[in-house]
Amino acid sequence: QNTKSVRMTAEMGVSQQTATWASRVTQDPEIGRIYDKAAETPHELTADEKRRLLWFVAEIFLLYEGQYHVYLEGQIAEDSWEAKVNIMVGLLENPLVAEWWDQKVAPFGPKYFAHIESKRQGDEKPWKMDSIGKEAT
């Protein structure tokens, strides 16, 4: 019973961290505008917009690195972790994000980096960075 409670607390924490990150788009409409522009025309971002986008993206990658270690300890379910990986792999489809990641300028641990790289190189790409304001088709 205690193990199940610990896992559920970890799962809720992971969801809350992701929701908090995503809510920044509504709290700061400029982030949403930059994200949308990066999704549609990344080469048109100004240097400042690119910087803001990459800090926004780096934040979720850093959060997910911590969650990766919780996952390795068996405290986050496989399908929950895979959903987070899909977000990162989708973000890495964007050329600006890919360039940032490939330069290895962020202080990610080698295990985490290798894990994300292995998923990035895989065939399955179920999610991609898309404009938040874009209508579903």
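Glu49 is found in helix 3 of a model that is predicted. With a relative accessible area of 7%, Glu49 is buried, because buried means under 20% relative accessible area. Leaving out residues up to four places away in sequence, the residues touched by Glu49 are Arg33, Ile34, Lys37 and Glu44.

Three of these partners, Arg33, Ile34 and Lys37, belong to helix 2 and take part in the contact between helix 2 and helix 3. Helix 2 covers residues 29-40, and its axis comes within 10 Å of the axis of helix 3, with a crossing angle of roughly 100 degrees. Helix 2 is therefore roughly perpendicular to helix 3, since angles of 65 to 115 degrees are classed in this way. On the side of helix 2, the contact is made by Glu30, Ile31, Arg33, Ile34, Tyr35, Lys37 and Ala38. On the side of helix 3, the residues are Glu49, Arg52, Leu53 and Phe56. Sorted by class, the contact of helix 2 with helix 3 has six nonpolar and five charged residues, and no polar ones.

The secondary structure of the protein as a whole consists of six helices and zero strands. Read from the N terminus on, the order of elements is α-α-α-α-α-α. The protein has 137 residues, of which 39% count as buried. When contacts between residues at least 6 apart in sequence are considered, 68% of them join residues at least 24 apart.

The largest nonpolar core contains 34 residues. Phe61, Trp81, Trp100, Trp101 and Tyr112 are the residues with the most contacts inside this core. At least two core residues are supplied by each of helix 1 (2-27), helix 2, helix 3, helix 4 (78-91), helix 5 (95-102) and helix 6 (110-120). Helix 3 provides the largest share of the core, with ten residues. The contacts of Phe61 illustrate the packing in this region. Apart from neighbours within four places in sequence, Phe61 is in contact with Met88, Leu91, Leu92, Trp100, Trp101, Phe108 and Tyr112.

Another residue of helix 3, which spans residues 47-72, is Leu62. Leu62 has 39% relative accessibility and so counts as partly exposed. Along the chain, Leu62 and Pro107 are 45 residues apart, while their C-alpha atoms are separated by 8.7 Å. A second pair of this kind involves Lys119, which is placed in helix 6. The C-alpha atom of Lys119 is separated by 9.5 Å from that of Glu82, and the two residues are 37 residues apart along the chain. Lys119 is also partly exposed, because its relative accessibility is 29%.

Lys104 is located in the loop between helix 5 and helix 6. The relative accessible area of Lys104 is 57%, so this residue is exposed, the cut-off for exposed being over 50%. The backbone of Lys104 has a phi near 55 degrees, which is a positive value in a residue other than glycine. Most residues other than glycine have a negative phi.

How values were computed: Residues numbered from 1 in each chain as written. Predicted model: local features only at pLDDT ≥ 70, side-chain atom pairs only at ≥ 80, totals over all residues. Heavy atoms only, no water. Helix = DSSP H or I, 4+ residues; strand = E, 2+ residues; numbered from the N terminus. Buried < 20%, exposed > 50% of the residue type's maximum accessible area, 1.4 Å probe, protein only. Contact = heavy atoms within 4.5 Å. Axes fitted to C-alpha atoms, helices over the stretch in contact; angles between N-to-C directions. Parallel < 35°, antiparallel > 145°, perpendicular 65-115°, else oblique. Nonpolar A, V, L, I, M, F, W, Y, C, P; charged D, E, K, R; others polar. Core = buried A, V, L, I, M, F, W, Y, C linked by side-chain atoms within 4.5 Å.
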